[in-house]
Amino acid sequence: MLKIRTMALRWMASGVIALLGLNVQAAEPIRIGSFVSATGPAAFLGDPQLKTLQMYVEKVNQDGGVLGRPLELIAYDDGSDVSKAVSLAKRLIYNDHVDVIIGAPMTGAAMAVIPLVEKAEVPFIALAGGISIIEPVKKWVFKTALTDRIVAQMVFKDMQKRGLNKIALVTETSGYGQSGKKESERVAPDYGIQIVAQESYGAKDTDMTPQLTKIKHNPDVQAVFVFGVGQGPALLTRNYRQLGMAAPLYQSYAVCANEYIRIARDAADGVRLPCSAIQVADTLPDSDPQKKVVSDYAQAFHARWNLDASHFSGGAYDGLMIYLDAVKRAGTTDKAKVRDAIEQTHGLMLTSGAFNMTPENHMGLDVNAYRMLQIERGKWTLAP
């Protein structure tokens, strides 16, 4: 007999966001743990991720749960603070006894909690981009976003196609930015790309004019590639246009959200970057194998929150679906068996692409997973 099981929304000084369990059979819940950056500089990443987890936990429970058990979401806000993320991960593991952790939109936070989940042997599906999260492979760690290495490869491949081979690289001093710098330097020669100028900026900087002025006065620079997250890349884009810089401007997927366009305004027009198909779901042909997944997700997210879905919110959907798919295949929530099942994920089409994981690859995406996009008149379009 179906029994309605309702657990009250809790708010605590420790920063708990939500504890949910609705319309499900009375059974021991499957505890989905998460910490996201719902506030602070990375809120545009974490808030939609939280909303995604909330709505799909509710949906799964309304549909009867998994293995006859309800899902229970235990999510915390780390305030975009790495040290807080570590304390919250400890709480999820040792106080809340979660079955999985899905979260960490920031590379620094993801890296900081890896020793904890490895020691406790809890599956961890990170939502951040740094390649160091899954390379070298960590037994209990997986991720849903393309690595910064593949992002750089996609950008350089596009530059190569357009005859651009001398570039300036601008990177944020954050973990993501520095990992992107390292990976860009590593793969640039493979595409005949020379990095002839490099500049950096801090995560809290609001004016990058000095760095861009140096680049503007370098006659060798044919294009500029920015690796940063949060508001920084959008503010840099405005500075770029204010200086009248004409060289093509590329960003990483860390700006794949309407918030970037809102802050950068018309300065964003012409910017190119790799991104998941969510941003162009409506323009994909019906024959595209990813069309239904991204369209259904984007429509459901907008219907629930009256907000546009993003590349980042889709990553949370992917993480939850990867875990639930593994639980169903394993027939249990036993952590070791579910870990093995996640590692065997094959052909699972989600918003980021088709996931094919192996013992050597705990991401399961390749250079063809994302699309190269261009912003035109404030809209996301497939790059010509």
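This is a predicted model: local features need pLDDT of at least 70, side-chain atom pairs count only at pLDDT 80 or more; totals for chains, interfaces and linings use all residues.
Two packed helices are described by the angle between their axes and the distance between the axes. For helix α2 (residues 82-95) and helix α3 (residues 107-120), the angle is about 25 degrees and the axes lie 9 Å apart. Angles under 35 degrees count as roughly parallel, and α2 and α3 are therefore roughly parallel to each other. The crossing of α2 past α3 is right-handed. On the α2 side, the contact is formed by Val82, Ala85, Val86, Ala89, Lys90, Ile93 and Tyr94. These residues meet Gly108, Ala109, Ala112, Val113, Leu116, Val117 and Ala120 of α3. Sorted by class, the residues of this contact comprise 12 nonpolar, one polar and one charged.

A second pair brings together helix α1 (residues 43-62) and helix α10 (residues 311-330). Here the angle is about 40 degrees, with 7 Å between the axes. That angle makes α1 oblique to α10. The two helices cross in a right-handed sense. From α1, the contact draws on Phe44, Leu45, Pro48, Gln49, Thr52, Leu53, Tyr56, Val57 and Val60. From α10, the partners are Phe312, Ser313, Ala316, Tyr317, Leu320, Met321 and Leu324. The contact of α1 with α10 counts 13 nonpolar residues and three polar ones, with no charged residues.

Attention now turns to the open spaces of the model. The largest pocket holds about 650 Å³ of space. Its lining is made of 40 residues, and those closest to the pocket centre are Ala42, Leu45, Met106, Glu172 and Val229. Leu45 is also one of the α1 residues in the contact with α10. Several helices take part in this lining: α1, α3, α5 (175-187), α7 (232-242) and α10 each contribute at least two residues. By class, the lining has 19 nonpolar, 16 polar and five charged residues.

The second largest pocket has a volume of about 390 Å³. Around this pocket stand 16 lining residues, with Asn258, Ile278, Gln279, Asp282 and Asp308 nearest the centre. At least two lining residues come from each of α8, α9 (291-305) and β15 (379-382). Helix α9 gives the most, with three residues. The lining of the second largest pocket divides into seven nonpolar, six polar and three charged residues.

Across the whole structure, a search finds one cavity of 30 Å³ or more. The volume of the largest cavity is about 50 Å³. Its lining consists of Phe44, Gly230, Gln231, Ala234, Glu259, Tyr260 and Ile263. Helix α8 (residues 258-264) supplies the largest share of that lining, three residues. Helix α8 also contributes at least two residues to the lining of the second largest pocket. Phe44, for its part, lines the cavity and belongs to the contact that α1 makes with α10.

Note on methods: Residues are numbered from 1 along each chain as its sequence is written. Side-chain values use heavy atoms; hydrogens and water are left out. On a 1 Å grid over the protein atoms alone, a cavity is a set of points where a 1.4 Å probe fits but cannot get out, and a pocket is an open set with protein on both sides within 12 Å along at least five of seven lines; lining residues have an atom within 4 Å of a point. Grid points are joined across faces, edges and corners, and a volume is the space filled by probe spheres set on the points. Helices (H or I, at least four residues) and strands (E, at least two) are DSSP runs, numbered from the N terminus. Axes are lines fitted to C-alpha atoms, for helices over the stretch in contact, and angles run from 0 to 180 degrees between N-to-C directions. Angles under 35 degrees count as roughly parallel, over 145 as roughly antiparallel, 65 to 115 as roughly perpendicular and the rest as oblique. A crossing is left-handed if the near helix is turned anticlockwise from the far one by less than a right angle, and right-handed if clockwise. Contact means heavy atoms within 4.5 Å. Ala, Val, Leu, Ile, Met, Phe, Trp, Tyr, Cys and Pro count as nonpolar, Asp, Glu, Lys and Arg as charged, and the others, Gly among them, as polar.
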